[in-house]
Amino acid sequence: MDIVVCVKHVPETAEAELKIDSTGKNIEKTGLVYDINEWDDYALEEAVRIKEKQGGTVTAITIGTEDFDSTLRKCLARGADAAIRLTDPKFQGSDAYATAKILHSIIKNLHCDLILCGLQAGDDGSAAVGTILAQLLGVPHATMVKKLELCTGTAKVNRELEGGLEEILEIKLPALFAVSTGINEPRYVSIMGIRKAMQKEIKVLGLADTGLTEAYVGEAGSWLKTEKLYVPPVEKQAEFLKGTPDEVATKIAELLKSRGLI
Amino acid sequence: MEFKLNNEQIEIKRAAREFAEKEFTPELALEYDQKEEFPLGLYKKAAQLGFTSMRIPCEYGGQGYGVLEDCIVVEELCRVDPGLGVAVSLGNLMVPDVLLRHGNEEQKQRYIPPLAKGEKIAAAAFTEPEHGSDITRMDSTAKKTGDEWTINGAKEFITNAPIADTFIILCQSDPNAQPSHRGQSIFLVEKGMPGLEATKLHGKMGIKPCVTGSLCMSDLKVPDANLVGELNKGFYYTLELFDGTRITVAAQAVGMAQGAFEKALNYAKTRKQFGQPIINFQAVSFKLADMTIKIEAARLMMYKAAWLYDKEKPNPVATSIAKAYASRVAMEVTDDAIQIFGGYGYLADYHVERFHRCAKITEIYEGTSEIQKLTICNYLQKQT
């Protein structure tokens, strides 16, 4: 089973203090710590587990600058066999569509039975690259995958739906799956893994290798344009619950239930 | 001259950091600090990932890196929690080192791989109740009869003594040697040998998850095959060992300082007094700047000592400079961190007091700061 995993190198924003940069369309990135996108981390782990069980190869692919190598090296250290970085100044500003287009241009020429992506990226959260990529490749896909089981020529996937529902699909391979966090427990990077990773090469490709023209990549090839990025004004809304501790607890439970939080 | 880690070292640093941040939770750190128990599960986990055998060559189940890479790991582990960090990383520090240098092939094959894999734990017994900084004479004796040795005596403050499977013990093998340090030898001893008894010490100020104990040897019989290296060379082997291990202690100190500093920095940014974050007050921000300067200097000294050890040859002066300075910095920075936290810093739940308690050991073990200064002074006196 040959598997391609699409990964992204993103800033860790959960606990960082974010500021909008001077363009008003992006965040100030200096001082932020970057790492593999959380969802992609699970996709990579799933791919490596499949390879360990059934044999085959895992190739990690990303679009970005040299800095993205640290995410690729992490993939190699955790068990990927090969890594590809697509780098070109022209790729900058690509939306989900242009990104999928660039990935497609390379992946279509790789032999693979399975393409795994994270469901979404922690930075832009568009959750669209996987789906578009599947369309471009002409392969079936499923998103929000929380369990993946391979059969002969097909895969059985569990999809997590709203309201606590779960759906099981049988899908013909080759296929693309966008996985949710929690599908597995990503392993730690081991020192043995790092030693092995340092012996593997990261293949760097540019616009010329994609066979695409400038018009299909970057801002020129994007269908979406960011108008504005801003921090919404803080609203102060608080409801004070009154009553005995038992009554207040009941009200809290009802509130949480009505919003689907428990 | 290059002032940066290479890609491989950066990956090692990141891997150790991720492991420690996920595994050494604040709750676990507090729990083990109170329990004074060795975190066996964590040790095994860290060992399986290779973090505890950085310096052991690949052929003996280790990772085949140098002191610098080991120090990078130790710093990161101690940065997240000084107690758990030291406990996890100290188990393999000394015994494999001595065996690799002076053990015979059979000893190496038999004892090192289980330590490298985390299946066994080691303890190195040098210190005695009456001999701490001065190990030129040992009260523990080893007497030879036929092809075995009989060891009698006591050891004190021995890391891992209550839980170790493999011990090396420094003994006076020739009581009449002049000077006395020319009559010392190192012996390999296994847990369960009749005549070897370990007791756990309680009530340490810090590094409580790292268990410490006393050893009592009464008519402990050891086969001649367990002599490590040459007879009567034990003292020299011990000093040589410290040239490397002291750099690791400097790395522990840098990690502890860094961890406490980061906590203090975050707190200073969020804690408000007089209507603003306290970092806006120069009394606090200058303290943070001073902490940064000290940590940076200590880290560079530690890197340099490790680099010299790996690239050229162990440099006792560079090692002593790094250890003496880094351990002092650890004490000062962790103290400053408590001060920035104010009253909260005095509480266990805010974690910085634990860093301060743990930091003190770095000025004491593996040669006190005074012994480090002695090494530096000896060098200065020889300079012309």
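This is a predicted model: local features need pLDDT of at least 70, side-chain atom pairs count only at pLDDT 80 or more; totals for chains, interfaces and linings use all residues.

Analyst: A crossing of two helices is called left-handed if the near helix is turned anticlockwise from the far one by less than a right angle, and right-handed if it is turned clockwise.

Two packed helices are described by the angle between their axes and the distance between the axes. The crossing of helix 4 of chain B past helix 5 of chain B is right-handed. On the side of helix 4, the residues in this contact are B:Val73, B:Val74, B:Leu77, B:Cys78 and B:Val80, and they meet B:Pro82, B:Gly85, B:Val86, B:Val88 and B:Ser89 of helix 5 of chain B. In class, 8 of these contact residues are nonpolar and 2 are polar, with no charged residues.

Helix 4 of chain B has another packing partner, helix 8 (residues 234-270) of chain B, with an angle of about 35° between them and their axes 7 Å apart. Here too, helix 4 of chain B makes a right-handed crossing, in this case past helix 8 of chain B. The residues that helix 4 of chain B brings to this contact include B:Val67, B:Asp70, B:Cys71, B:Val74, B:Glu75 and B:Glu76. Among those they meet in helix 8 of chain B are B:Gly244, B:Ile247, B:Thr248, B:Ala251 and B:Gln252. The contact of helix 4 with helix 8 of chain B divides into 10 nonpolar, 6 polar and 4 charged residues.

The two contacts can be read together. B:Val74, B:Leu77, B:Cys78 and B:Val80 are among the residues of helix 4 that meet helix 5 of chain B, and they are also among those that meet helix 8 of chain B. An α-helix has 3.6 residues a turn, so residues three or four places apart point the same way.

The domain assignment divides chain B into domain 1 (7-116), domain 2 (122-232) and domain 3 (241-382). The centres of domain 2 and domain 3 of chain B, taken over C-alpha atoms, are 31 Å apart. Their contact draws 4 residues from domain 2 of chain B and 6 residues from domain 3 of chain B. On the side of domain 2 of chain B that touches domain 3 of chain B, 2 residues are nonpolar, 2 are polar and none is charged.

For the chain as a whole, the radius of gyration of chain B is 21 Å, which agrees with the value near 21 Å that a compact globule of 384 residues would have. Along the principal axes, the C-alpha atoms of chain B fill a box of roughly 80 × 50 × 40 Å. Of the 384 residues in chain B, 52% are buried. Among the contacts in chain B with a separation of 6 or more, 75% join residues 24 or more positions apart.

Two details of the backbone of chain B may also be noted. The peptide bond from B:Gln178 to B:Pro179 is cis, with omega near -10°, and B:Pro179 lies in the loop between strand 4 (166-172) and strand 5 (184-190) of chain B. B:Glu366, although not a glycine, has a positive phi of about 60°. This residue sits in the loop between helix 11 (352-359) and helix 12 (369-382) of chain B. B:Glu366 counts as buried because it has 25 C-beta neighbours inside 10 Å, the cut-off being 20 or more.

Finally, chain B has a neighbour in chain A: 11 residues of chain B are in contact with 9 residues of chain A. Helix 2 (69-77) and helix 5 (191-198) of chain A each supply at least two residues of the side of chain A that touches chain B. Helix 5 of chain A gives the most to that side, with 4 residues. By class, the side of chain A that touches chain B comprises 7 nonpolar residues, 1 polar and 1 charged.

Notes. Residues are numbered from 1 along each chain as its sequence is written. Chains are lettered from A and ligands numbered from 1 in the order in which they are written. Two residues are in contact if their C-beta atoms, placed from the backbone, lie within 7 Å. Ala, Val, Leu, Ile, Met, Phe, Trp, Tyr, Cys and Pro count as nonpolar, Asp, Glu, Lys and Arg as charged, and the others, Gly among them, as polar. The radius of gyration is taken over C-alpha atoms; the globule rule is 2.2 Å times the number of residues to the power 0.38. A residue is buried if 20 or more other C-beta atoms lie within 10 Å of its own, exposed if 12 or fewer, and partly exposed in between; C-beta atoms are placed from the backbone. Domain bounds come from an automatic or database domain assignment. Axes are lines fitted to C-alpha atoms, for helices over the stretch in contact, and angles run from 0 to 180 degrees between N-to-C directions.
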